[in-house]
Amino acid sequence: MRQEYIAIIALCSIIVIVIVYKIISKYKFIRDVQDLLQEVDSCLGKFIEEDKEKRLLGKAKLYKEILVSKKYKFDEAVRFLTYEEELPTKIYFNNVTTLASAMSDYCNKYIEMVGNAKKFIVSPDIKPYADQFLEEAEQLASKSSRYIADSLVIQNFMKIYNNPKQYLVDLNYRYMENEKSICNELLSNIDGKSLDENQRNAVVNDDLRQLVIAGAGSGKTLTVAAKVKYLVERKGINPKDILLISFTRKAAGEMGERIRKLGIDVESSTFHKYGLSVIRNVNMKTPDVAEDIGKYIDRYLADIIYNDNELAKNFLILLGTLMLPVFDGDTSIGRRIQEEQCQDLTTIKGMYEAYSNKIKVDLLNDEIDNLDAKLAPLISRLEKLQDNKNNMLDGQQTDNEEVQQISEDIHLLETQIYKLRTQKLSIRNEKMKSAEEVMLANMFFLDGVEYEYEKEYPYDDEQNYRKKYRPDFYLIESDTYWEHFGIDENGNAKQYSVPAEREYLEGIEWKRNLHKESGTNLAETYSWQFRKNTISQAVNENYEKFGVTKHEVRYCDVIREILKGDASGNIESFKSLLSTFISLFKSYGYSKTKFDELRGVIGNYKDSLASKESIVRRKSRDQMFLDFAESFYDYYGQMLIEEEKIDFNDMILQAAGYIEQGAFKPNYKYVIIDEYQDISVGRYRLAKATLEQSKAKLFCVGDDWQSIYRFTGSEVDLLVSFENYFGLYSRTDIIQTYRNSQELLDISGAFVQQNEYQTPKKLKSNKHLENPIRIAWYTGSYRPILEEKEAEIEISFAQAFRLAVKEIVEACPNGEILLLGRNNGDIKALAEDKNLYIQREGGETTVILSEYPDLKMRYLTVHRSKGLEADNVIILNARNSRSGFPNQIVDDPVLNLLRKNAENYPFAEERRLFYVAMTRTKNFTYIIAPITQSSRFVDDLKMLEQNTGASSVVDTYPEDNRVKLEMVIDPQRTKPLSCPVCKIGTLVKRKGKEGGEFVSCSNYPSCTYKASNMDAVRNNNRCPVCDNFLIKRNGVNGEFMGCMSYPYCTYTSNIVIEVDKNKAEATINQSQRIDKYAKRIMYNAENGKPANSHVGWTIDEDHQLISEFNNGKSIKEMAAIHKRSAGGITARLKKLGLVER
């Protein structure tokens, strides 16, 4: 018992000890907590004195920190905290848990609803899904601020809440990354090729509307083929549920064949074929489609216009007016010439005489050939006799009489041939020097008034310093001379510089006085009368004043004669413009009432055109064209009805209408459109109707930089403003290219993006090639005078072309060369080369050079080359002319009447076409360009290279004429000298009648500048006022520099600039005046005057002063810069003609 008792006592002691220990531990923990709580109260009290809720919340947070630091279990610690703050702590942590759980449940439900990255969330659903999340989660989010720091779940919830759209976008990104990983094998072998990252993104993106911008040479076709393969093999789409559309039968065939190689039998259609199938399905028959609107234009002209004398006259007036530019009163002479170079200044009389002139030339050629045939055997006989004479033995005799007779016969035949060739050269179709002269000549011709252009005036004594006077026109029957002066209503000629204007106006007075002294009739008209549209009234008043009689003209016969020869292509150009206008008109779905609406637009031109002077003529011009277009539109529609036909635009719109009305219900899941940049409004309507009826997804691939088919109705805005037409969409840019070098991409990209209306992008290539664009210059008959060089160069088009071929062959011996032209006829420029063979067979044109017989170069227009590539490319026609590059005919501003979002950038589509031409190459693109009158696109390339410092463009010349001719303003390089008057021409060396040398403008006769002081020209020391050359003159105080335009320009400089021809550097010769200048500077210093007062102005100072004035510097600022008085600055500005005297 004793032992048991002892055991019990021991057990009780142990129990007591344990209990005591626990009690002591409990109270110790509570004391620790109380001590910490007192510290917390003290800290919180400093910042929160009144807010009990925040005070409790702060305590609860600190409780948590305490418990964590003491490593107590949460539940056990809460049980301990029954003292003072037990209830708020329990509530807080319970709220955290409850809110986090609610948020987690909602997020899981929401993520499941949007696919949880297992499907693509289409763009139209993103905002509704985001709005739904915000709306339903708003109550939960409002509670988050108290508890967000204590729960990662709450934090993640609020990230979604604050930007739900981005969360959905991130889910799509996860979806696409997962798809690329799963389909890696598929995407790595598309016809043996692996897709790059951008191409893969385009393929796996499954948005409702998708636009893929694929740069030139970036693998667009490969991407389309991969998309189809992905849809069929990964998404399980039946190939019959895919509508794949291209724009041409050829493109559709090639696309279908490429996809069939992947083992997928999908039909590749065209809009034409698809539209016909829709109509056939509804009407149970295939409509008869009129393919060529040009045939109807021909019939309209032949049946209606050419058989009605009054209509024929109106057509001729329209033809003569439409192809000429409209100028403002202050348009510079250079700009006028530049624009007129782009026009055919052939008169109606010239067109009328073209056919008869051609017959005359043909007859003369026949005579020359006959004489050549007689001449050849005589020359052969003479050479044989001369050889016999040289080989005769001593004592043998030759028939001297036969030699003499043959020599006389040869001389007679050569003389006859020379006369015939001279006669042939004199037969030319009449052309004027300016657009306004063309319009005047056309008025005379249509009025039946016989005239001569620039007939030599019989009462002028020719003087050495000028040419024989030739008035603009001479009206034969009334013996009246007619001058057309380029002046405004105030008698000014603002298109010229001040000195040139003075000279021009003085010339007018000289002509008037000469006619008055000689007693001859002089009729006058003026440029401002054209701009005010009062020229007809002015002409008729002159008719009445000088007794000019109008005669009846059979205008129908005139047109028929023009059609026989139409050498200038004016009628064909007009037909092309009319065809484009009507195609665009119908493509937009406009009805006849639209013509009245367009007349209202023309009537409001004053709201959109800057110059009031040009508005009247622009209105008249466009109104005439619109009237003609409406008349043809009525005729065309009636012919289609009578023939029971529809044209392409009717067919497309009719098919779209059937789908929109529910008469035909397409059943597709995907619509894929290749070359989307070429889509028209009508095709867009057909595609949109198909999508809406079938609920299909849309996948478009295109490049707005390559939109070049406006003449067929294409509308680039349908790509640029894609969202406006199809709603929310995904855009993928395929920027990695595999054809061009990075250097070519840089310069061509900068070139095409001069038009900011297009989508910006930066294409990339792993390929590098220095100077991939090379300009092969040719001069023709011009011989430019070069700065610092006495070089004369003369390079023909054929020489420049052969040089390009030679350099390509040397760089790429086995490479293909593709020749590109803006127009079908550009290949004719090579016909002058007798060692070159042009072969035409099966619709293909091939060029072969004699020195490279195995090299066959294919010729295509740039439009036909779209989608093709070659090792190297040569662009043939880089000339600034009416049918050059850019082509001035197809880009007529009247077409902007129809466009909803007209591009305001000049030659926007022609610029894109030039970009397409440059980017067909894998290596080099050569551009054949004239030194004078080169394409503005060539000038742009040179300027872009100069501004960026890129190594992309280089000039090239034959080895024997390796003279660097830069067409940009760069004083560090040798360049052709520009004309002081028109600024755009190049100075050309010529010889006068007496053999003396002089220079004149390459734009002669449009610009009549000439200079005979060759030393001044070579020195190229220019006047800062009028840009003419400065020459040495002697004055009272010695030598000075004076302007060659004196007395019309009175600029002088006190410092003589001399040029050391050997060192080609300017030196200043001022030794004669240094003492005088020193005395003046000392006088100024002693009398407190500006240092340079009374000191002569240098040329450099004048240039600087002009620049400062143009940049808005004040008189005071300029005085401080030049250390001169304000009065001295003002006086010099007056001297320079910058301010009024």
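## Salt bridges at a glance

The structure holds 47 salt bridges. Keep in mind as you look around that this is a predicted model. Three of these pairs are worth a visit.

Let's start with a local one. E257 pairs with R260 in a salt bridge whose closest N and O atoms are 3.9 Å apart. Both residues belong to helix α12 (residues 249-260), where three residues, about one turn of the helix, separate them. E257 has 42% relative accessibility, so it counts as partly exposed. R260, at 39% relative accessibility, is also classed as partly exposed.

Is each partner buried or partly exposed? K592 is partly exposed, with a relative accessible area of 37%. E630, by contrast, is buried, because its relative accessible area is 13% and the cut-off for buried is under 20%.

D627 and R599 make another salt bridge, at 3.1 Å from N to O. Again distant parts of the chain are linked, with D627 in helix α26 and R599 in helix α25, 28 residues apart. D627 is partly exposed at 38% relative accessibility, and R599 is partly exposed at 22%. Through shared partners, salt bridges join K592, D596, R599, D627, E630 and D634 into one network.

## The nonpolar cores

The largest nonpolar core has 113 residues, and the members that touch the most others are F444, F581, F625, F632 and Y676. Helix α26 (residues 612-642) gives the most to this core, with ten residues.

Which residues does F581 contact, leaving aside its neighbours within four places in sequence? They are F595, L598, F625, L626, A629, V894, L895 and L898. Another core, of 36 residues, lies apart from the largest one, and its members include L745, V752, I773 and F914.

Now for a sheet. Four strands make up an open sheet with mixed pairing, in the order β5-β6-β7-β8. Why is one side of β5 and of β8 left without a neighbour in the sheet? Strands β5 (451-453) and β8 (521-526) stand at the edges and each has a single partner strand, so one side of each has no neighbour in the sheet. On average, neighbouring strands of this sheet are turned by 25 degrees against each other, direction ignored.

Strands of a sheet pair through backbone hydrogen bonds, either parallel or antiparallel. Here, β6 (residues 473-475) and β7 (residues 480-485) run antiparallel and are joined by three bridges. In one of the pairings, F473 has W482 in β7 as its bridge partner. Helix α19 (residues 435-446) packs on the sheet and touches β5, β6, β7 and β8, its direction making about 10 degrees with that of β6. Helix α20 (residues 498-518) lies across β7 and β8 and runs at about 170 degrees to β7.

## Cysteines

If you are wondering about disulfides, a search of the whole structure finds zero of them. C982 is in no disulfide, and the nearest cysteine sulfur, that of C1001, is 3.6 Å away.

How accessible are C982 and C700? C982 counts as buried, at 2% relative accessibility. C700 is buried too, with a relative accessible area of 0%.

## The chain as a whole

Stepping back, the protein chain contains 40 helices and 28 strands. Of its 1141 residues, 50% are buried. Among the contacts in the chain with a separation of 6 or more, 71% are between residues 24 or more positions apart.

Notes
Residues are numbered from 1 along each chain as its sequence is written. This is a predicted model: local features need pLDDT of at least 70, side-chain atom pairs count only at pLDDT 80 or more; totals for chains, interfaces and linings use all residues. Side-chain values use heavy atoms; hydrogens and water are left out. A nonpolar core is a set of buried Ala, Val, Leu, Ile, Met, Phe, Trp, Tyr and Cys residues joined through side-chain atoms within 4.5 Å. Buried means under 20% relative accessible area, exposed over 50%, partly exposed in between (1.4 Å probe, protein chains only). Helices (H or I, at least four residues) and strands (E, at least two) are DSSP runs, numbered from the N terminus. Contact means heavy atoms within 4.5 Å. Two strands pair if DSSP finds at least two bridges between them. Axes are lines fitted to C-alpha atoms, for helices over the stretch in contact, and angles run from 0 to 180 degrees between N-to-C directions. A salt bridge is a side-chain nitrogen of Lys or Arg within 4 Å of a carboxyl oxygen of Asp or Glu. A disulfide is a pair of cysteine sulfur atoms within 2.5 Å.
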